[in-house]
Amino acid sequence: MTRRGLVLGGGGVLGAAWTVGALTALEEQLGIDAREFDEFVGTSAGSVLAALLACGVDVAALREHQLGAEITAGPLSGFHYDHDTAAGGSRPPRPRAALGAPAVIRRGVSGLRRLPPTTVVSSFLPVGTGRLDRVGALIKHVAPAGWAPRAGLTVVALDYDASERIAFGRNGAPEVDLADAVMASCAIPAWYEPVSIHGRRYVDGGAWSSTNIDLMVGLDLDEVYVLAPAVTFDPDTPTRAMTRLERRWRTRVTRRALRELAEVHRDGAQVTLLGPSSLDLEVMGHNIMAAQRRMEVLQTSLQTSRASLGDPHELGIEQGHVPHEPESADAVTAYTAVDQTESDAASDPAPDFVADAAPDPSPDPVADAAPDQAPDPAAYPSVLTQEDRP
């Protein structure tokens, strides 16, 4: 029997709406119920959806819930959740005047160089003051205590003071209630308060990686599907400075995701990665917390995700190399990893992706910072703490 894994990446309020549309398209394409995946990995907003699926909420209910319909059957029955206000609005509250993780900063340059640059930047950000109580209440409604009622759910957060990725739900991770794990996974640094669990402070798993695809390694999976609202292979051409800055961050996230995808592919799984198209990005704008755009984002994702998953491109991966972004934009934004030898690459004059052995000429602050190179704060999700005019 085919063993399948599902990765749901971070992306804020609008990323969650896009993912619900993508889940609908994925179910249609595969002809299966998304609740039947053997393994789930959820990060940030993706952890909310992964938790709900693992607790028996079907995609149809997720979609109706996003659209504001009253849910009268299933695990979400009777729970009122206002998507427009539950996350606290499109702008962060004023943070505290204190460094987020001073213990990490005190490690010195050699210690910081061993961490993902996003983790380093998150340590320097001020402590957020927003709260995620309504998100916690949503998860408590379907899982009042303990973990999900089934195995195979991983929720990713970052131990803020230790700068360690924590895969809640896995062997060796702290035992916590599902609601606490999801709130921790969603706690964007400088926006929300770190979530305290058993005396440890946790923040958004996206401070380590927006996708954490590599956590699917070693699970004996045949197929892995990645829905990543922060990734894009079809960039738009915005004119506003803040939107261009957000797109720059997406480029870095995409490179990190491709590195992780290659690990899972080499582990033996067939991996398909879907990200938003330029049409989706145009609707999203630059502020992924602008909930007033949520329904339009969902409706657009239903169309674009169906088109992309219906005919995904191939993503050629050479042994020992990392695939790069496509050289030209394409409205089809789903890619399935395939093996590619050097001779294959040489004989293909226009591959969808270039798995080049040459070093990337532009530094990737999300994947691997070059030694002695200070990370660029403009390339990180901290950009989302800026005020905007959605």
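**Note on the predicted model: cavity, helix packing and hairpin**

1. By class, the lining of the largest cavity comprises 17 nonpolar, five polar and one charged residues, where Ala, Val, Leu, Ile, Met, Phe, Trp, Tyr, Cys and Pro count as nonpolar, Asp, Glu, Lys and Arg as charged, and the others, Gly among them, as polar. This is a predicted model, in which local features need pLDDT of at least 70 and side-chain atom pairs count only at pLDDT 80 or more, while totals for chains, interfaces and linings use all residues. Residues are numbered from 1 along each chain as its sequence is written, and side-chain values use heavy atoms, with hydrogens and water left out.

2. The largest cavity has a volume of about 340 Å³, and a search of the whole structure finds five cavities of 30 Å³ or more. A cavity here is a set of points, on a 1 Å grid over the protein atoms alone, where a 1.4 Å probe fits but cannot get out, and lining residues have an atom within 4 Å of a point; points are joined across faces, edges and corners, and a volume is the space filled by probe spheres set on them.

3. Of the 23 residues that line the largest cavity, Val 13, Ala 16, Ala 45, Val 48 and Tyr 81 lie nearest its centre. Two or more lining residues come from each of helix H1 (12-30), helix H2 (45-54), helix H3 (59-66) and helix H7 (133-142), and H2 gives the most, with four residues. Helices (H or I, at least four residues) and strands (E, at least two) are DSSP runs, numbered from the N terminus.

4. H2 also packs against helix H8 (residues 178-186), at an angle of about 155° and with the axes 7 Å apart; axes are lines fitted to C-alpha atoms, for helices over the stretch in contact, and angles run from 0 to 180 degrees between N-to-C directions. The two helices, H2 and H8, are therefore roughly antiparallel to each other, a term used for angles over 145 degrees. Ala 45, Ser 47, Val 48 and Ala 51 in H2 meet Leu 178, Val 182, Ser 185 and Cys 186 in H8, contact meaning heavy atoms within 4.5 Å.

5. Val 155 has Phe 168 in E6 as its bridge partner. Four residues lie between the strands of this hairpin, and Ser 163 in the turn has a positive phi of about 55°.

Conventions:
Two strands pair if DSSP finds at least two bridges between them. On a 1 Å grid over the protein atoms alone, a cavity is a set of points where a 1.4 Å probe fits but cannot get out, and a pocket is an open set with protein on both sides within 12 Å along at least five of seven lines; lining residues have an atom within 4 Å of a point. Angles under 35 degrees count as roughly parallel, over 145 as roughly antiparallel, 65 to 115 as roughly perpendicular and the rest as oblique.
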